[in-house]
Every structure is written in structure tokens, then in C-alpha cells.
Amino acid sequence: MKVYKIIIAAFLVFAAAGCSSLKLTQTDFAWPVESVLKIDQQGAVSDNRFSFSVNVKPLFLAETKDSMSYQGKELRIIRDSQGYFYTVAKGFKNVYIFQTYDGAFKLYDKVLLSEQGLEEPVMNQRPPYIELIDGQNKYLLNKEGLKK
């Protein structure tokens, strides 16, 4: 009986080890510079360099309460080292932080930066932060929001 318990225990240990997922660590997902993407007539942006496309109409509707406010605009997007996407456009009051989830961008956080709206936002990598510059104003962001 004792032998059977040992065999079953050994089997469970090996089975659990075989089911564990492979994890590659020390991964850096950061994009070196932001992408500035023109929004097409359908409200979509695409970036061939990073191979993605997304419809941003819901983002502009959430920000401006106007379903057509995306027309003639550019979206700025950058990815941090942990894989979070930071998006902003001229006139936005907020920076939107997204994570990928089940084939979509899922809102992780929305960070208020300016009640008047950003005039000329530009984003850069400043590890461990994303730096957003708008004229004389500089902000440091991470997935938790604005650095105080």
C-alpha cells in the first residue's frame, strides 16, 4: 500500500511539472519612439512597423462625446517595457492606458492631464516611465498613472 502511495505521489509531481507553462522573463516590450498614426475615414489606425490595427472611434467618442471627432486627427501611441499602450491625441484631456486582452485593447487606466486639453502632445521612453511633453508641461506616466 505504501508503494502505491509513493508511485501516485511521484506521478502527481511529474504531471504537475509537465503542465506548468513556459515563461520567458526579462522581456522588454517597449517601443523606442511613439507612433503618430493618421486616422482613416473608417476611424481606424494601423502601424505596419509594429503590425497592428485598431478602430479608435470608441476612444474619441469616450474622450470628446462626439462620434465624428476622429476625422482629420492623428493618434499618438507608445508601448512601455511591460507591454502597456499609452494613447493620446491633440485636444485630449486624458492619456489612455491599454493592455491587450483577448484580441483587443482593454482600458487599464485613464489619466487626466489637462482640463483644457493637450495642445501638442509628444511621448518618449524614459524608463521606467513614459514621458509626455506638451509645450512647457512634462508628465511622467506608468501603468499606475501619473508620477507625483
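Let us begin with the hairpin of β9 and β10: two residues lie between its strands, and Gly 135 there takes a positive phi near 65 degrees. Please keep in mind that the model on the screen is predicted.

Which strands form this hairpin? β9 covers residues 129-134, while β10 covers residues 137-142. The two strands are antiparallel partners, paired over five bridges.

Next, please follow the chain beyond β10. Through which element does the chain continue? A hairpin of two residues connects β10 to β11. β11 consists of residues 145-146, and its pairing with β10 is again antiparallel, over two bridges. Here Asn 142 has Gly 145 in β11 as its bridge partner. β10 therefore pairs with β9, if we apply the rule that at least two bridges make a pair, and by that rule β10 also pairs with β11.

I now turn to the protein as a whole. How many helices and strands does it contain? There are two helices and 11 strands. Their order along the sequence is α-β-β-β-α-β-β-β-β-β-β-β-β.

Finally, some overall values. The protein has 148 residues, of which 33% count as buried. If we take contacts between residues at least 6 apart in sequence, 44% of them join residues at least 24 apart. The exposed surface comes to about 10000 Å², and carbon and sulfur atoms supply 55% of that area.

Note on methods. Residues are numbered from 1 along each chain as its sequence is written. This is a predicted model: local features need pLDDT of at least 70, side-chain atom pairs count only at pLDDT 80 or more; totals for chains, interfaces and linings use all residues. Side-chain values use heavy atoms; hydrogens and water are left out. Helices (H or I, at least four residues) and strands (E, at least two) are DSSP runs, numbered from the N terminus. Buried means under 20% relative accessible area, exposed over 50%, partly exposed in between (1.4 Å probe, protein chains only). Contact means heavy atoms within 4.5 Å. Accessible areas come from the Shrake-Rupley method with a 1.4 Å probe; for residues, only the protein chains shown count as cover.
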